[in-house]
Protein chains: 2
Amino acid sequence: MTNEFIAVDWGTTNRRAYLIANGAVLASEAAGPGVKSMPQGAYEVEVAGIRQRLGELPMLLVGMVGSTIGWREAPYIDAPASIARLATHLCRIDGCTAIVPGVADRNRPDVMRGEEVQMLGAVAAGLVPPDAILCQPGTHCKWATLQDGAISRFTTTMTGEIFALLKDHSLLGPQLAYPVMDDDAFAEGVAAVGEDLLAALFRIRAASVLGQRKDIAAASFASGLLIGSDVAARQVAGRTVHLLADPVLGQLYARAITIVGGQANFIDSKSVFVAGAAAIQGFTR
Amino acid sequence: MTNEFIAVDWGTTNRRAYLIANGAVLASEAAGPGVKSMPQGAYEVEVAGIRQRLGELPMLLVGMVGSTIGWREAPYIDAPASIARLATHLCRIDGCTAIVPGVADRNRPDVMRGEEVQMLGAVAAGLVPPDAILCQPGTHCKWATLQDGAISRFTTTMTGEIFALLKDHSLLGPQLAYPVMDDDAFAEGVAAVGEDLLAALFRIRAASVLGQRKDIAAASFASGLLIGSDVAARQVAGRTVHLLADPVLGQLYARAITIVGGQANFIDSKSVFVAGAAAIQGFTR
């Protein structure tokens, strides 16, 4: 088959490879080593191994593999970023191996590497309209505005990382030891967002000291505060946000989006990577 | 002398004891163990030791020594908190030993323990007018509004702790390894405050990745962003903020206050503790 190829989603902490034909996954590999645990010079060997297992085929590499800590730096393209512009700015390693560039906004400034393929893949798969707001929550949450099927603007927020820092290393640690739930305390946190975050966070401690909130509810409140702050700053009232997220985190973002007057639409983030990679590969033939 | 007494500023990480007569310090002790490193039941011995060294005198204890992790819990009094109300709500251990209560605002909610003595001491010493805005920066920054010489409202912000978490444990760690300076990058951070904090923080990383800011300037920018966010939320334009701070941190807060249109007045935070304790002791005679 002439349009068979291999797509590799190669992030900081893990890697996943797919054998794709006509946009469908024929085979995939279990998780492999992320960029962070790759010794210098080992990329050639790893890539040869993937080809040995999945076939001697053209290969597209996506994600942190194209960063300064990866195999080779694939320079960022500036937003607006479409599938076509990603495809024409591939960083070619050899005749059949290329890295997809990340996207930069030098005015704000901001960068993404990997999420662009999933986001544009969601449009390519027909799951998201060409003009839309997308959100991919996580350690660093990515928000993007799509216009005419291209990423025109995006914002990275440290929401997930700040929550983890507070839980693992801060004065609030003892209060945040319980699970986060999509409950009343979470909604209360979202509603408390009007206040500045630096002050609102300390109130978690004060409420515990004064016996005003059970510690079991504090993590949900804190999560509501952070996710609510993130969502409120994006001004999504009256709009649909397309969420590329796992069910648990997605549900929390969906709740916060609903509370501020928006609407959430869930997208399966695994299938859209394949659709995005296939769309880019389609341009290279 | 009948109005001699001992005042102890006993915080989480260290302790300092003063022998005071007529509001003047006759002697003081080098730093002693903070509440966190005190074994259960050791307070009696420590207090006896202080008396042995400074004199068999009435003793006022201030700070976390009165918290649930201290010697005995001195229940919070509600704001507005004056010297007189602190003095009439002392937690008495015995006939000549008492703990000064902390202050709570159950509506917001918020708590302080120790800062109230310094803040009200600044008024007692005539260094701050009875209607004023005070700020005591630190790991947890305390802002207070004084009315008629009482703390009527206050806010704790996690500014210092968030900066430390980002520097020691976050993705931004490598960028934040340089010293914070009161420089152009700091002012740039203060000016960037309009944007939401969760997004603005990631731009520190993006600016580094895109080569737009030298890492040596990143810590100053981040500090400007956090302190600027803290100051901007307090709405101090056109007003004087009385700063109880060490010179380095005080200078950063003063700069941010000036940028948002306020004015900063430095107060020596060591002498005001003594003035506050003496004023409370004066009420108990």
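## Contacts around Ala200(A)

Two residues are in contact here when their heavy atoms lie within 4.5 Å of each other. By that rule, and leaving out residues up to four places away in sequence, Ala200(A) touches Glu195(A) and Leu225(A).

Ala200(A) sits in helix α6 of chain A, which spans residues 197–209. With a relative accessible area of 5%, Ala200(A) is buried, because anything under 20% counts as buried. Gly189(A) is eleven residues away from Ala200(A) along the chain, and their C-alpha atoms are separated by 9.1 Å.

## Confidence in the prediction

For chain A, the mean pLDDT is 95, and 99% of its residues reach 70 or more. For the complex, the predictor gives an ipTM of 0.95 and a pTM of 0.95.

## Chain A as a whole

Let us step back to the overall architecture of chain A. Its secondary structure consists of nine helices and 15 strands. Along the principal axes, the C-alpha atoms fill a box of roughly 65 × 40 × 35 Å. A compact globule of 285 residues would have a radius of gyration near 19 Å, and the 20 Å of chain A agrees with that.

Buried residues account for 57% of the 285 in chain A. If you take contacts between residues at least 6 apart in sequence, 61% of them join residues at least 24 apart.

## Glu46(A) on helix α1

Glu46(A) belongs to helix α1 of chain A, residues 43–54. Its relative accessible area is 24%, so Glu46(A) is partly exposed. Setting aside neighbours within four places in sequence, Glu46(A) is in contact with Trp10(A), Arg15(A), Pro33(A) and Met38(A).

Pro179(A) lies 133 residues from Glu46(A) in sequence, and 38 Å separate the two in space, C-alpha to C-alpha.

## Two residues with positive phi

In chain A it is Asp148(A), with phi near 50°. Asp148(A) is placed in the loop between β12 (141–147) and β13 (150–157). A relative accessible area of 70% makes Asp148(A) exposed, because the cut-off for exposed is over 50%.

In chain B, Asn22(B) also has a phi near 50°, again positive in a residue other than glycine. The loop that holds Asn22(B) runs between β2 (14–21) and β3 (24–28) of chain B. At 56% relative accessibility, Asn22(B) counts as exposed.

## Cis peptide bonds in chain B

Which residue does a cis peptide bond join to Pro109(B)? The partner is Arg108(B), and omega of this bond is about -20°. Pro109(B) is found in the loop between β9 (103–105) and β10 (110–112) of chain B.

The peptide bond from Ala79(B) to Pro80(B) is cis as well, with omega near 0°. Here the proline, Pro80(B), lies in the loop between β6 (77–78) and α2 (83–88).

Phe154(B) itself is part of strand β13 of chain B, residues 150–157. Is Phe154(B) buried or exposed? At 1% relative accessibility, Phe154(B) counts as buried. Ala30(B), which is 124 residues from Phe154(B) in sequence, lies 31 Å from it in space, C-alpha to C-alpha.

## Ala222(B) on helix α7

Our last stop is Ala222(B), in helix α7 of chain B, residues 218–232. Its relative accessible area is 0%, so Ala222(B) is buried. Residues up to four places away in sequence aside, Ala222(B) touches Phe163(B), Leu176(B) and Ile204(B).

Along the chain, Phe186(B) is 36 residues from Ala222(B), yet the C-alpha atoms of the two are separated by 7.3 Å.

Technical notes:
Residues are numbered from 1 along each chain as its sequence is written. Chains are lettered from A and ligands numbered from 1 in the order in which they are written. This is a predicted model: local features need pLDDT of at least 70, side-chain atom pairs count only at pLDDT 80 or more; totals for chains, interfaces and linings use all residues. Side-chain values use heavy atoms; hydrogens and water are left out. Helices (H or I, at least four residues) and strands (E, at least two) are DSSP runs, numbered from the N terminus. The radius of gyration is taken over C-alpha atoms; the globule rule is 2.2 Å times the number of residues to the power 0.38. Buried means under 20% relative accessible area, exposed over 50%, partly exposed in between (1.4 Å probe, protein chains only). pLDDT is the predictor's confidence in each residue, from 0 to 100.
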